Amino acid sequence: MPSLTIAATWTHLDWVLIVVTAWLLIGVVGIAALRRFRFVAVVLFPLGAIFSVLLMAVALSAAYATPEVAVLPLGLPQLPFHLRLDNLSAFFLLLIGGVSAGVSTFAAGYFRQGEGTPPGLLCLEYHVFIASMAMVVLADDAYVFMVMWETMAFSSFFLVLANHRIPEIRSAGYLYMLVAHVGALGILLCFGVLQANTGDYTFANMRAQHLEPFWASIAFVLAVFGFGAKAGLLPLHAWLPDAHPAAPSPVSALMSGVMLKIALYGILRVGFDLLQTRIWWWGVLLMGVGLLTALFGVVFSTVQVEMKRLLAYSSIENVGLMCAGLGLSLLFSSYGMQALSALALTAALYHMLSHAFFKSLLFCSTGAVLHATGERSLGKLGGLIRTMPWVAWLTLVGVLACAGLPPFGGFVAEWLLLQSFLFTTGLPSSFLDMLVPVMAALIALIAAFSGFTMVKYFGVVFLGQPRDEKLARAHDAGRWERLGMLWLVVGCVLLGLFPNQVIALMEPVTQRLVGGGLAHTVADSSWLLVPVNIDRASYAPVIFLLGVVLTFGLAFVLVRRLYHGRLRRVPPWDCGHPWQTARMQDTAEGFGQPIQQIFDPFFRVTKQQPSAFDDKPIYDVKVEDPLWYWLYLPVARVVEKLSRIVGQLQQGRIAVYLMYSFATLIVVLLVVKR
Amino acid sequence: MSALGVFSQLMALVLALLLAPLLTGWVNQWRHWLQNKSAPSLLQPYRTLHKLFNKDSLIAEHASPLYRFAPYVVFGCMLLASAIIPTISTDLPLSPAADAIALVGLFALARVFISLAAMDVGTAFGSMGARREMLVGFLAEPALLMVMFCASMITGSTSLTTIVETLAHRDLAIYPSLLLAGVAFTMVSLAENARVPVDNPDTHLELTMIHEALVLEYSARHLALMEWAASMKLFAYSCIGLALFFPWGVAEANAPLALLLALPVLVFKLAIGGMLLAMIETASAKMRIFRVPEFLGTAFLLAVIGLLVNVLLGGT
């Protein structure tokens, strides 16, 4: 029980529980003030953000602390809540706190009056959502875990349905719920295998069990399936590109930035912590699924014509990369190569952290654009850097980070991942030795691809000429929105510039999970990132940035000194074309067209092209996910057919039902008799 | 960090700035000779730069600040890139700041900025150029990375200076993996530097242009910086090629004499390289834009095969 005497004796866990309680209280107050929009926006959401910052501070100080446990007398009799705050949980709490602080601030300016769900209810759902994510991370038995997991799924489901009057949003929410529950079944079964017939569902008991390789493998595969459904791994990704655009932007930011990471936390918890055995093919499985997912995600994100769908596919890509990192770490760990395993795990964790920041930043920016223009289709945006400079410049940081460019956070993660893939020769199996460089090649390809996507996103939305007249009247984001985005930008920049300090935070996690860490090499120098040794590889983002900025400044000053700074504004030249309209720029389809052509077999493309004799020519190209047709629809058809057969049992006449009872009784008696 | 190290770092910077336009002029000269044209002077690129810097910059009415500062970013990226490539010495204090992967990242950063700037004005050619540049980039970048990885696998390092030192000290033997990587690298550098058969540095007003379409709207000092950056990119790529495949003659730490000798060696190697580039360009025809992914995909695959060969044969 938390001691309530003086604050100084409170443990980290108590503080986390205080934050969670505070969030829930904020939610309840939101219900009380159901339609008092200004109060909810200006008081409740910023208050939630303050508690997020508190959570971040607690998590930072808990990162090095010894694990703390608590048993709360909640829930069913005989089944109290077991909670545990260890380094891994602390890392994820840090992620939750850091991102939700920015997103809550953004949300204070984002939610508007008269959009679907009343503001107070949204406030409740929102805060229950973040509170449940924090609790999932704290859970120390399968029971709490599942309760919180489902709370997370339900609260986010209702958030996705905020604008439930639109039919597409309803169907997106339905699909989301469906996949979430298919996944939850997998997780439940996984815990069932993990407790190994002891009937004790605490994680401490699961850690103590030594499963046979067969059962351990089943548990692992179930975990990958269950958590993968939530993380958007292939082939259970279909909900993600539908649910993200449907949700309000701060919610998509949280779902993509934080919730996907919580799903990966599940894989980490089960695969690295609860299961005591590690088998090499688990790593290969995770890597394979991860890289396939990443490639799929990035190829699809380049051809999207809607802002949020593009970002959603890009999230699929990033989750895939993180999974590949986890898989590699598992592979090394199964062969007892601790240093390399720690390197790969650090890369994956780093990617999670930086992706959380830049992707929520990008989703927030789509929200700001949506508010300013009412338009989410890339084909009708453009030129917003002139009317919305704040949003545009803040987004640029997120775009560069997402494209994996130095000196931002995304690059550090990618760099570490490539390093861990690169120095792998020496695996006992030559097949794996061959496999790993090929995977590195794929990662390089995916990383370069994401640059294409991000240039498309930023270029089409913010640069060029406005493709619609109303865009000229677009207004910049409000104070709260700017503040929230600024917070996330600061996160991206700090993650990019101070990798050593961030890696030091992950050291306890990697030490505990794979028994190795980077901190001993990293600690030698505060500005130079050296994962193995200095001759092998090093990277110094601060110097890197200084180099670019210095040469930039020098060139700027020198050009002005030696020559002049004269400038004239004229109409654009464009090779002497006398007039240009906004329609002559590349559209979103146009920009993605080369990729669509190269990766044609990936897509299911339906084209409607006008012939020369059409009076009213219509050009329509639809690019869809073939997996939807190959996998989801057939499964849906089979389910429908089965339920129709089962439905025939239900005649609606009492005599028939009595017959069933009678027949069952006879059968049971026969069985018992024997 | 020794005084000599700082000196060779400064030398590397100044050399990159000064030699880059000369290299461009040299390649142009050879190309004209090979094509039976009368060649411009070797110093023509300097004159052009000087002329451009003197002119008033004309900028589209609605261009954003991004458009104006992109040339400086691109220029800065290229200069930093040339600073960390061991051109005449491996004793570079800046070298630990960025290894081969970060170098590729630096090129990518420049590419993203130049493409964004091209999209900023919102003309048909600009966005077309940006799209094509990114199309070339998304295949060329991983291919370049794979070439670097081949060298890294052999030398056990991604630091460029260590790679050069290790490669220069090994016995003279042909590594099959490096051979494959070399072919891949040549193909990538042709594409990345907007050369025939991927792009034509001479054309304007042609629907096939890539690099020229990107900088079409730029004028005066901004154009000068872009062009200078482009020639530094060619210089940087040539130096990477020399560093990976012909690493001999590069000075190491505490070797002032070798440093003196390194400069003529570098100029000699670059001269040969420039000549070869002109020959390749003259001998090949420009290809359709949709053949470019095949071309670069081949380069990528070659580099990956190089990597695999290296793993198979045990590399070191």
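These questions and answers cover a predicted model.

Q: How many residues does chain B bring to its contact with chain A?
A: Both chains take part in this contact. Chain A supplies 68 residues. The number from chain B is 69 residues.

Q: How many residues on the side of chain A that touches chain B are nonpolar?
A: This side also has 13 polar residues and nine charged residues. The nonpolar count is 46.

Q: Which residue of β1(B) stands opposite A:R569?
A: Opposite A:R569 stands B:I59.

Q: Are α4(B) and α5(B) roughly parallel or roughly antiparallel to each other?
A: Helix α4 covers residues 100-120 of chain B, and helix α5 covers residues 124-155 of chain B. Their axes come within 9 Å and cross at roughly 180°. Angles over 145 degrees count as roughly antiparallel. The two helices are therefore roughly antiparallel.

Q: How many charged residues does the contact of α4(B) with α5(B) have?
A: From α4(B), the contact residues include B:V104, B:R111 and B:I114. From α5(B), they include B:E133, B:E141 and B:L144. By class, the contact has 12 nonpolar and six polar residues, and the charged ones number three.

Q: Why is α7(B) largely enclosed by the rest of the structure?
A: Helix α7 of chain B runs over residues 176-192 and reaches 24 Å from its first C-alpha to its last, close to the 24 Å expected. A residue counts as buried if 20 or more other C-beta atoms lie within 10 Å of its own. The helix is largely enclosed because its buried residues number 13 of the 17.

Q: Which residue with a positive phi follows α7(B)?
A: The phi of this residue is near 55°. The residue is B:A194.

Q: What is the bridge partner of A:L72 in β2(A)?
A: Strand β1 (residues 68-72) of chain A pairs with β2(A) in the antiparallel sense, over five bridges. The partner of A:L72 is A:F81.

Technical notes. Residues are numbered from 1 along each chain as its sequence is written. Chains are lettered from A and ligands numbered from 1 in the order in which they are written. This is a predicted model: local features need pLDDT of at least 70, side-chain atom pairs count only at pLDDT 80 or more; totals for chains, interfaces and linings use all residues. Axes are lines fitted to C-alpha atoms, for helices over the stretch in contact, and angles run from 0 to 180 degrees between N-to-C directions. Helices (H or I, at least four residues) and strands (E, at least two) are DSSP runs, numbered from the N terminus. Angles under 35 degrees count as roughly parallel, over 145 as roughly antiparallel, 65 to 115 as roughly perpendicular and the rest as oblique. Two residues are in contact if their C-beta atoms, placed from the backbone, lie within 7 Å. Ala, Val, Leu, Ile, Met, Phe, Trp, Tyr, Cys and Pro count as nonpolar, Asp, Glu, Lys and Arg as charged, and the others, Gly among them, as polar. Two strands pair if DSSP finds at least two bridges between them. The expected span of a helix is 1.5 Å times one less than its number of residues. A residue is buried if 20 or more other C-beta atoms lie within 10 Å of its own, exposed if 12 or fewer, and partly exposed in between; C-beta atoms are placed from the backbone.
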